[in-house]
Amino acid sequence: MKDVVIIGGGVAGLGAALTLGSSEGSKRGRIETLVIDNGKSDLKKAELHNVPFVKKGTSGVEALEQLKKDALEFSSVEFVEDSVLSIEGEAGDFTIKGEKTEVKSKFIVLATGAHELNIILNGKKIPTETHELMPKDGMIKISFNGRQKFKEGIFIAGLLSGVTTMYATALGSGVEAACAILSEIGGKTVIVHDFKGSRDKK
Ligand SMILES: Cc1cc2nc3c(=O)[nH]c(=O)nc-3n(C[C@H](O)[C@H](O)[C@H](O)COP(=O)(O)OP(=O)(O)OC[C@H]3O[C@@H](n4cnc5c(N)ncnc54)[C@H](O)[C@@H]3O)c2cc1C
């Protein structure tokens, strides 16, 4: 049983994974996290000149690889390549089925981008709406309440949550989803902040 399965390993999903992974070096402890991704991030077409702390001219592919590497340096984070087909169950006991993978988790982050969403949740298509901030037609989002929360145990991040299509906004919503989950697990507001030397002993 994973604590969190993140469906979609673009900037939003990997940003959520990095934040959840960083919990393992803090007093909050390990959050066992799996990212499932089928390799079609929009970022793969980009060359970046306006992302804070990303060197100008970095390709989207390189930026994604670096983000993935950073997240996977935390041993509580794993990554598999697969397409998720369905989710069954309720908060605390979800079963996520892909073409090759079947895994259980307590929480889910949906970070599949703005393209059509074909994942079946408890036998039904997940309801989506038009993503009105996207510059091209046919793009979708999911509405949520409060902190990226779609329903108990399921959080939405990235373009799927309706943010403007920019690296930094997608990343921010993934981090917000991760902190919302950490807060639910902790039973109070939780963030993970390091300070100089705080990981030296680990
Ligand atoms: C040509 C182009 C240039 C761009 N240039 C810039 C720029 O210069 N600066 C900037 O800030 N932004 C830029 N962007 C925008 C940026 O790429 C997006 O805002 C960002 O990638 C959105 O991140 P995301 O994680 O929400 O979605 P994505 O990056 O699209 O990631 C979604 C991931 O989910 C996966 N997925 C989907 N369904 C499933 C499933 N069922 N199972 C498993 N995995 C699944 C996909 O394969 C994908 O990897 C550009 C976009 C494009 C298209």
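User: What should I know before I start?

Analyst: Residues are numbered from 1 along each chain as its sequence is written. Since the model is predicted, local features need pLDDT of at least 70 and side-chain atom pairs count only at pLDDT 80 or more, while totals for chains, interfaces and linings use all residues.

User: Which strands pair with E8, and in what sense?

Analyst: General idea: helices (H or I, at least four residues) and strands (E, at least two) are DSSP runs, numbered from the N terminus. Two strands pair if DSSP finds at least two bridges between them. Here, E8 (residues 102-110) pairs with E1 (residues 2-7) in the parallel sense, over five bridges. E7 (residues 93-98) pairs with E8 in the antiparallel sense, over four bridges, and Phe94 stands opposite Ser105. A hairpin of three residues links E7 to E8. E14 (residues 154-156) runs parallel to E8, with three bridges, and Leu110 has Ile156 as its bridge partner there.

User: How many residues surround the ligand?

Analyst: A residue is near a molecule if its C-beta atom, placed from the backbone, lies within 6 Å of it. By that rule 33 residues surround the ligand, and the closest are Gly8, Gly10, Gly113, Gly158 and Tyr167. H1 (11-22), E2 (33-37) and H3 (167-186) each supply at least two residues of this shell.

User: Is H1 buried or exposed?

Analyst: A residue is buried if 20 or more other C-beta atoms lie within 10 Å of its own, exposed if 12 or fewer, and partly exposed in between; those atoms are placed from the backbone. In H1, twelve of the twelve residues are buried, so the helix is largely enclosed by the rest of the structure. Its buried residues pack against E1, E2, H2 (60-72), E5 (77-81), E8 and H3, where contact means C-beta atoms, placed from the backbone, within 7 Å.

Note on methods. Contact = placed C-beta atoms within 7 Å.
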